[in-house]
Protein chains: 2
Amino acid sequence: MTVRTVRLILVAGTTETATIDGISAAGADPELTVHTPSADAEIVEYGTTVRSPVVPVSPTGCPTPAAITRACRRLAGFETLVVDGGLAKPTGAPTVSVGARSGRDIREADPVPSAPGAFAAARQFGEALPDEEIVLSETIPGGTTTALGVLRALGEDWTVSSSLPENPLPLKTEVVRDGLAASDLAVGDCEGDPGRALRRMGDPVLATVAGLAVGALTTGTRVVLGGGTQLLAAAALVRHAGVDAPLSLATTSYVADDVPDLPGACGALDVGLTVTDPAFDGRAETPLARYVAGEAKEGAGMGGALLVADRAGELGAVADETLTVVDGLEH
Amino acid sequence: MTVRTVRLILVAGTTETATIDGISAAGADPELTVHTPSADAEIVEYGTTVRSPVVPVSPTGCPTPAAITRACRRLAGFETLVVDGGLAKPTGAPTVSVGARSGRDIREADPVPSAPGAFAAARQFGEALPDEEIVLSETIPGGTTTALGVLRALGEDWTVSSSLPENPLPLKTEVVRDGLAASDLAVGDCEGDPGRALRRMGDPVLATVAGLAVGALTTGTRVVLGGGTQLLAAAALVRHAGVDAPLSLATTSYVADDVPDLPGACGALDVGLTVTDPAFDGRAETPLARYVAGEAKEGAGMGGALLVADRAGELGAVADETLTVVDGLEH
């Protein structure tokens, strides 16, 4: 008998959509942001950077949510796996490839040509995984903009969150409008065709996450989508792929506060919703205060990792453990 | 403060030296043997094969030592990491690349051109690892023959073990003699030049293991070489690289029984030796009996994993846990 496990899968990748001025806070500046997924993967695996030349922090000094995922991993002891969802910079984290390549700007006509192939290979890999339950997560700067693009291409009306305290939604909406025009698509033209939505308006990470989810669900693995509105877009992709198996979204209280219609969106997609508060309040003198101020909110599996930590009875220890991880990153 | 850990690093790769008739038992037949490292990596990571089309067994049905490493991992809870040391077939295990490429037959003039680059990249990666202690290990069919080639190129006189009950040492010696001739080398011509020994007479896995060891030792990480005579060759490479930091070899009682001069070799190289008996005696009706009969002996980190399991007080549980893993592989 194979012993079955819970595994958090972090899909890490990049697009040029992230380089649009004002889109992403997932790095101190745009030149450093392209390293964030590679560094996040290292932090989840090792608790520190290994090959990455930078430690991901926002322009205001908010530490990456990968530090929280790492803290939860240490506390709850779950397995992790990094899948290359189109990395543009070297990572020292071990990765599995599904053929995903870094995406271009969705305002180009064919920005993610690797998406259909990555979806198919990720599906096959998801079918083969032996785990009882997988928690799927993402690290991709600019990912809420491409998630919005996918939702619109599918004809889904839900909105997206942001890693910035003030969500630049007008800018995202404009980028998506331009992207649809560049691909000669109207809202809803990719209904029931997730591969096309991903290739024209998405990113390689969403393609990989959606493929993994579909494959795992097909073979009876429980699937938790651990993240915010990007993972909501992944849920929409799974449903548009015709898969109606049970599915749930595990996110943070910060995303839930930012997106009031999240329960409605989950309900419409028949997706269970779990919201976990990491209890960072009262840590005003620490880097965690940036989260309480509304930065980052989610990412690199944070919501899913908090859920698993909560199940293990370790939620109360997450803040202190995260500070230990963050302290290790700075040295 | 970064929390520091013990990590077993499995370097997995292939050469065409392994396809020489009679050299290796690391697979049911030569066409399947090339899949063994990819499958071993999956077994250590997941407890089952994922992308690999075959489960590695010897021609007589002896299960791969990766099953024992997996069992020890489950019992002792150490971290693992797979480094691509020149895989020739896809693996579903997450891997780190150091630029190693599958080696050719050492009877050719320049069989492992990627060896010096892999050694250098592995050294840099080993320097960056945050672990307190790493256990380095290998899975490469035909690896004792290339290890013998490296030892002779360095001018070291020690012998090597075999995964077969009857060690085909005359054949290995002949292959090494032909290899030295093809590279226009005499015994000892690569003394003090590990990169040249690896490129002309070695394999990409040994290059990667030796580089990791040198890098990790340079930055104060404790290094255990977890394996048999291939890891002894790695120790020789470290010493010929001019590194005299403390180093130890952790192997199985099967290798120790097969290689009477192992303590002498370790002494000459100033390498500590730990021998662990997995206590498979009395399991006559199980697949473990093949080990007692002298097959496999070691590999995929078995000796190192047994050492860590022993430290954790779990050595007595290894046989039963291995049978659970093996049972899972067959279904």
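How much area do chain A and chain B bury between them? In this predicted model, where local features need pLDDT of at least 70, side-chain atom pairs count only at pLDDT 80 or more, and totals for chains, interfaces and linings use all residues, side-chain values rest on heavy atoms, with hydrogens and water left out. Residues are numbered from 1 along each chain as its sequence is written, while chains are lettered from A and ligands numbered from 1 in the order in which they are written.

Chain A and chain B bury about 2,400 Å² between them, with 51% of it on carbon and sulfur atoms; buried area here is the accessible area (1.4 Å probe) that two parts lose on being put together, summed over both. The counts for this pair of chains are as follows.

| Item between chain A and chain B | Value |
|---|---|
| Residues in contact (heavy atoms within 4.5 Å) | 30 residues from chain A, 30 residues from chain B |
| Salt bridges (side-chain nitrogen of Lys or Arg within 4 Å of a carboxyl oxygen of Asp or Glu) | 2 salt bridges |

A:Arg73 forms a salt bridge with B:Glu79, and their closest N and O atoms are 3.0 Å apart. The elements that give two or more residues to the side of chain A that touches chain B include helix H3 (66-76) and strand S2 (79-84) of chain A, helices (H or I, at least four residues) and strands (E, at least two) being DSSP runs numbered from the N terminus.

In chain B, helix H3 (residues 66-76) is mostly covered, as 8 of its 11 residues are buried (under 20% relative accessible area, with exposed over 50% and partly exposed in between, for a 1.4 Å probe and protein chains only). Among the buried residues are B:Ala66, B:Arg70 and B:Arg73.
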